Amino acid sequence: TEPLRRMPWIEAMEKYGSDKPDLRFGMEFADITDLAKGHGFSVFDDAEYVTGFAATGCAVYTRKQIDALTEFVKRQQIGAKGLIWIRVEESGVKSSIDKFYTPDEVRAMADRCGAKAGDMVFILCGKKFKTLTQLCALRLEVAQQLGLRDPKKFAPLWIVDFPLFEWDDETQRYYAMHHPFTAPCDEDLPFLQTDPGKVYAKAYDMVLNGIELGGGSIRIHRRDVQKAVFEAIGLSDEEAQEKFGFMMKAFEYGAP
């Protein structure tokens, strides 16, 4: 009966590591890159992004349980190289990186992640979005172990403000995140030719409990905009004409 929550894509990624976040429980991520770098720990110093979350009540986890979670994130499907942890107790903090940081520096990272006495902070690092996705898998695994993914609880939301394009390091080019016919936001049109990474899409997904129920978008209905999008993803005029000439022609008759 009340409006569904709306969450921008970037917030979903940075807080939950997923564009279909499960909001039945907390354990939001925090960017601790600035706190982690510059202390002689090369794993963090060499990483683009360092992020973690406070696992509720997990300070009681044994070494065996932590090792099991480390092996979980190192599985081929997830691909992390290791797992850093901070145990937060009433008496202080203890971590797997104590020899590189003072207790106050470790405490600052735990505080940034919202950890309270009794919590365990789990941290991953690397390329930003790859690391966020890896930490998402760990967040869901820990929540499953803690019984937080209650099937009788429902947390629906809209994900909005998707980027129009995503950059691929391997091919060194942009690809359409949704499909190349998704309309860019009007205010971002100038960026199509100068900085495609800044362009947001008129697209949305409906998400429930970590599952995408459906999504949609406004279609491009201007020939000049469609041409600019094709150019941004590296499609030449000849290729665009060969593949989508019928559609470009249709725009001359007025759309939608």
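Author: A term is needed before the strands come up: two strands count as paired if DSSP finds at least two bridges between them. The model is predicted. D119 is buried yet has no salt bridge. Its nearest side chain of opposite charge, K116, is 6.0 Å away, and a salt bridge would require a side-chain nitrogen within 4 Å of a carboxyl oxygen.

Leaving aside neighbours within four places in sequence, D119 is in contact with several residues, among them A54, A55, I86, R87 and G114. A55 is the bridge partner of M120 in β6, and strand β3 (residues 49-55) pairs with β6 in the antiparallel sense over seven bridges. I86 stands opposite V121 in β6. Strand β4 (residues 84-89) is joined to β6 by four bridges, and these two also run antiparallel. β6 itself is mostly covered, with six of its seven residues buried.

In soluble globular proteins, nonpolar side chains tend to be buried together. The largest nonpolar core here has 33 residues, and those with the most contacts inside it include M7, L164 and F230. Helices α1 (9-16), α8 (223-232) and α9 (237-251) are among the elements that each supply at least two residues of this core. A second, separate core of 25 residues includes F53, W85, F122 and L138.

Note on methods. Residues numbered from 1 in each chain as written. Predicted model: local features only at pLDDT ≥ 70, side-chain atom pairs only at ≥ 80, totals over all residues. Heavy atoms only, no water. Buried < 20%, exposed > 50% of the residue type's maximum accessible area, 1.4 Å probe, protein only. Lys, Arg positive; Asp, Glu negative; His and termini not counted. Contact = heavy atoms within 4.5 Å. Core = buried A, V, L, I, M, F, W, Y, C linked by side-chain atoms within 4.5 Å.
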